[in-house]
Amino acid sequence: MHAYESEFREPLINGLDKNYTKITDDLVKPTEGRPPLIWWIAVGLCGMGALFFFFCLGWTVYYGIGTWGLNKTIGWAWDITNFVWWIGIGHAGTLISAILLLFRQRFRTGINRAAEAMTIFAVICAGMFPVFHMGRVWMGFFIFPYPNTRGPVWVNFNSPLLWDVFAISTYFTVSVLFWYSGLMPDFATIRDRATTKWRKFIYNALSFGWQGTAKQWQRFESLSLVLAGLSTPLVLSVHTIVSFDFATSVIPGWHTTIFPPYFVAGAIFSGFAMVETLMLITRKIFKLEDYITINHIESMNKVIVLTGSIVGIAYITELFIAWYSGYLYEQYAFYSRAFGKYWWAYTAMMSCNVLSPQLYWFKKYRRNLVVTFILSIFVNIGMWFERFVIIVTSLADDFLPSSHAYFTPTWVDWGIYLGSIGLFLTLFLLFARTFPVVAIAEVKSIFRTSSEVAKKERAEKEGAKHGGFIGSVQLSNKDEK
Amino acid sequence: MADKIYWKGLEEKEQEVAFLANESKEFSEDLPILGGASDAVTTEGSTSRRDFLKMLGFSVTAATIAASCEIPVKKSIPYAWKPEEIIPGIANYYATTFSQSGEHCAVLIKTREGRPIKVEGNKLSVVSKGGTSAKVQASVLGLYSGTRFRNPKRGKENITWETADAEVKAKLDSLKASNGKVVLFTSSITSPSTKALIADLKAAYSNVEHLVYDAISYSGLLDANQLSFGARVAPNYAFAKAKVIVGVGADYLGTWLNHTEYESDWAVNRRVSKANPVMSQTFQFESVPTITGFKADYRVVVKPFEENAALIGLYNAVTGGSLAGGLKNAKIEEAAKALLAAKGASIVVSGSNDVNAQLLANAINTALGNYGNTLSFENALLLKQGSDKSATDLYNGLKDGSVKGVLFYDANPVLNHPNTKELAELIKKAELSVSFATAIDETTEVSQYVLPDNHYLESWGDVEPKAGVFNTQQPTISKLFDTRQFQETLLVWTGKGNNYYEFLQKYWESSIYPKQTKYNGFWAFWDTAVHDGEVVVGGSVATSAGNPNIADAAASLAAAAGKGGEYQLKVYESLTMGEGSWGDNPWLHEIPDPVTKITWDNYIIVSPKFAEKNNLKPDVNTKEYHVIKLTAGDNSIELPVVAIPGTPDNTFGVALGYGRTAVSSDQLLVGKNAFPFLALENGSYKNIVGDVKWSKTGRIEYLAITQTHHSITLKGLGGVKTRKIIKETTLDEYRLNPAAGNEERAEILANSVTLYPTHDRPGHHWTMAIDLNTCTGCSACVVACNSENNVALVGKDQVRRAREMHWLRIDRYFTGTEENPEVTFQPMLCQHCDNAPCENVCPVAATNHSSEGLNQMTYNRCIGTRYCANNCPYKVRRFNWYDYNAADSFTVEGGLDNDTKLSSFQLGLHEPIARMVLNPDVTVRSRGVIEKCSFCVQRLQESKLTAKKENRILKDGEATTACQTSCPTGAIIFGDRNDKTSEVYKAMIDERTFGVIEEIHTLPNVLYQTQVRNKKAESDQHTEEAHHA
């Protein structure tokens, strides 16, 4: 079952010395032996950030939400901004693994594992915020519809916050299943190479005793397909539901029907940017340039310029509708967004999200690693500001001017935000060290069709006009060894 | 051989089915064990023993775990002997009177289980007319204040009353022997029996002299009346009869004289209806803006020194005179025209403390024939009797050593005497200094003895606020501390026993009872007086026509008016701090000043132009204000600058009553003392200072401002648009069209459709209507709400962070120019929307709607997501950012930074004594939950239960909210809109009524009525002004 391979398509795996053994070696190596010093430094720094994150959360729970910069008018600020930001970042993984799987975009194999891991870690970070932004987090279980003796008191199914609970928990569960099921054959590969008893035992347990039999492979493939089918609507639904938090309210600047598509596009936009940030670092440190090629980067940059432009159109549409509606409060909300006390946030959002990705119309920049890295950071800054602009500026200047207010973050706000990045990176670093960051089995599946070796072999078979390779790509790991 | 078969009975032998089935069971019959939680399970009896044991095990474990958590035990002790009149859970009300330092209200005190918890207005009173002021509402907190003295003291040392009496009497005796003068220094004494006791003291100690001063002085007004009418009293002002009111620097709605009465009287002619579309017209000539000016139909901005020139101008215009120095202004002519058209039904008041200004005001009123109509000396006002001469006499006497001893009662001259610093040293040097203050103040700090007086809620007493009107005071609680009433002390010192109650009764029997004829028998009279809190026996102050020289007065005024110089300062009485005694009342500190919206500080008011020109504009986002220094003569003050529209250029305004140094908590060290700026001139202390120098200090200070000058009108794409939050019209337009200014409401109502089924409100449907026309912004309702609903105080730092907890706030909106804007005050509280945006977003359904139209908050259920607060278009929901009330079981104290230093903003509420003020009917909210106005649901419930017990339908007006009853002008109407005869229903269907931003279909249950200004429409005005030009 191979896909049609374009003659012009560049190889998805570079390097002429590649064979199945080499691939296994290259991809398992980062989990073996002593990690490089830079890894220790990075884990140390990020781990401290993660610890500070939990310290700030503890501080908040102990003293109260008053330790944040919120006030009577602005009841949500960095907390929900961070929440939506992280959830958005968490969109790329599932998109890459599910939707691209369904569309048979095989370039995804190089990046899907890390993207999925990133999704899960981002959702973990995101999930922290709705929990800890509660004034009485110890009563947080009220949010679950469970039978109780208080009447019973039921939750309010009209509330978008409740929809969030279901949407995010479902998304998290399916993402974890998808990610983990894909990991099982690779764990088995690591197990088979393991030299110590403990390592063997642990990876065996993690792989659920994977044997690589034909039946297992067949079930594995079916499960991937089923989960991909399940996740695809989720990619669209989660951010749609998150956007309902705002879209169903009455606050000018929130009460907007454009939010669901606009949020989903924004989420994919920021998710791809975050994948790029991480992949650029990972491929460098773990020397995976042959597997995560410039071709991958360019493909992702194309998605970024597309989604960035969609987001840009959404911004302009919002402004147009505010003017066209003739509705005073809406007009004021958008006017003050652009020219009010938070003009700098709006400017940052516009320039990072709409202007900077336009560089990717040029192939030169799409394939430039430095530009890509900088822009991927820019996009994530811009997307953070987008959520800040939506949440804070709308609340700050709503209906009654008597209550207009200003938000200034405290050290706890900073600590929680930066700390959540620390937590995210710590989890990713631990993942990169212990799990195969590139899906070994899946990469091997494209080796015979689109690697540089394959291209070369094909080129050598000059005159032979059967345009492609015959032969199983489903070579088991065992055979390769 | 087969075994024999043994059988127990025939059933077994015959192998009956039922028998066999039962045989396998341990117990042949079903055991009477109840099943699990579900009834269905029980009836079927399917709960197995296993299930029973599981449940038993689980519940025992759960109970053990739950019980092993140590929760602090709070003990409550039942009455061993229940007092006859106290039924737990039922409030008792006692009539008494607040009368201190010129503030006067007849009140009812609500007590629960013997604790006074709330002040209500006494509707029987002809003096305060059922209204209350913010200060009087807050007075109940003073009872439980941490600053109160708990013992008599010598210096810092606690002593017994016996020792104190012996020592002070010995000193007094020795001073008497050496003929050393002792001054009894007091504010105006309004109690006739106390006056009698002071006379007794003076009789016993011939060396005692009684000096009366008022820190907020009305000396000029009293002296002028002495000259004009031969009586040193203020007349009775009947604002209710006035068709035209002209105020010149007199804040008669906020602070001036008996302002609570004036407010309620003023409202009488400001209420308009279709049936009676007339209202009084008010003019205000003033420099520093006041609520009176902001409520005036025409506010004329003049510099402080021009206020008196305006008075001369007005005199000229009214009498046709041509005194020199009169201000010329088109509005003066207009005011004079209006006054002349309403002869005998107008009032001219001046806020100046200059006797000449008051003489002029008297002359204008005389010329208008107002005496005997709107002004009279029958029931003359006796609240202010002080003389500025007393203050100088004390200072001079102490300085030259002729005064050897001082006794201070209701007086804190070290704070509010213009010579404050010097006076402190002089008092320290005096041979005897005694203060009778109830709580720590600057004077007790330098006095040798403090003999603490009872709080007024612990005292017997009488007050004569107006000639012939007597109020009674009765204790509402036993003495909390080892204090003794001042009057009792006087009795002890004069050897007349120690029972002031008996003395009071005897005094009334001999002096007041004979003046009346209604009651036959003293006890009936006395009981009625104590029960009602007020008796009117009739009386007047004898007057004799004087003949002051108006020309001289005007000349001297004109001369003084010319001395202002470029920069002029006016120090004014603030609405909340009075003469400074309220400085230890955190409720009042947290009330945003209605004019400036600033809490917890005083500041320098300047014009927006001045701030802009000198680069002194604040950062409104971070609330950082520039501090400048004002210098006049030897005095200087450094305060942050606040630009308020409507302030004249190059004019500074600073509130008095701040800068307390002797207070219980660092939180209360607020502002700077402006009393030293009062300058003695022409026999009275002037509150305007000329030739002021100012300089920048380069410092920045935070101000806890609750509302900045965000514009209601938007200039942007599509021209100028105005938010329809407040609506107003002019009287002329209103006469033509009762819906004037509110035209689009019909359209909004017509477009008010919904897809969803509507809910029936078969019983009550509570609704509130607020008349913007009569709301003065006085903020009595805000304090009443605090008091009724245990609303937390948060302190300056938290207010600066926009976290004030007030359930009810007064929004202030400017229109027009920065130089002279029009202002509307709008009380804003939970609108109890029938289609509430907050309700459907709560994930746990903690806020919901009652069948009576109340938007309810279930604190227990709230998890604090704040989604409701975000989605509230009115932003009236408040979140408990910290444990402001020390209400949590496990209190968290202390922290690393200022933000989390809880002790700094709990403001003493963790002290058991301060918690006594809490209303037991209202949950004290813990950290992390949302709260908001409940329409005083506990009061509604109480009134409903009363009606139910009496088996009748609730009458209109029975169910009241705290804000409604505290309002002196009756601007708030509350009731059941399903009752078609109710006041609120009538208000609801009135053409002036509208809901705030109701076009978003929130269906609010709080409605407002348009403000009607009795002035020409703006277009007419412009043409007229063009004319003048």
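**Entry 1: a run of strands in chain B.** I began with strand β1 (residues 91-100) of chain B, which ten bridges join to β2(B), the two running antiparallel. Strands here are DSSP runs of type E with at least two residues, helices are runs of H or I with at least four, and both are numbered from the N terminus. Two strands count as paired if DSSP finds at least two bridges between them. This is a predicted model, in which local features need pLDDT of at least 70 and side-chain atom pairs count only at pLDDT 80 or more, while totals for chains, interfaces and linings use all residues. Residues are numbered from 1 along each chain as its sequence is written, and chains are lettered from A and ligands numbered from 1 in the order in which they are written.

I looked up one bridge: B:Ala95 has B:Leu108 in β2(B) as its partner. The hairpin of β1(B) and β2(B) has two residues between the strands, and B:Ser101 there takes a positive phi near 50°.

Next along, six bridges join β2(B) to strand β3 (residues 115-121) of chain B, again antiparallel. B:Ile109 finds its bridge partner in B:Val119 of β3(B). These strands also form a hairpin with two residues between them, and B:Glu113 in the turn has a positive phi of about 50°.

How many of the ten residues of strand β2 are buried? Eight are, so β2 (residues 103-112) of chain B is largely enclosed by the rest of the structure. (Buried means 20 or more other C-beta atoms within 10 Å of the residue's own, exposed means 12 or fewer, and partly exposed lies in between, with C-beta atoms placed from the backbone.)

**Entry 2: another sheet.** I then found four strands of chain B in an open sheet, ordered β41-β34-β43-β42, with mixed pairing. Its edge strands are β41 (972-976) and β42 (993-994), each pairing on one side only. Five bridges join β34 (residues 766-771) to β41(B), which run antiparallel, and B:Met768 has B:Phe974 in β41(B) as its bridge partner.

**Entry 3: chain B overall.** I counted 35 helices and 44 strands in chain B. Of its 1029 residues, 56% are buried. The C-alpha trace spans about 150 × 80 × 65 Å along its principal axes.

**Entry 4: cores.** I checked the nonpolar cores, meaning sets of buried Ala, Val, Leu, Ile, Met, Phe, Trp, Tyr and Cys residues joined through C-beta atoms within 7 Å. The largest has 415 residues, and A:Met118, B:Leu314, B:Leu360 and B:Ile604 have the most contacts inside it. Helix α9 (residues 259-285) of chain A gives the largest share, 14 residues. Another core lies apart from it, with seven residues, among them B:Val272 and B:Tyr734.

**Entry 5: where the chains meet.** I asked which residues make the contact (C-beta atoms, placed from the backbone, within 7 Å). Chain A gives 48 residues and chain B gives 52. On the side of chain A that touches chain B, α11(A) gives the most, with four residues. That side has 25 nonpolar, 19 polar and four charged residues. (Ala, Val, Leu, Ile, Met, Phe, Trp, Tyr, Cys and Pro count as nonpolar, Asp, Glu, Lys and Arg as charged, and the others, Gly among them, as polar.)

Note on methods: Contact = placed C-beta atoms within 7 Å.
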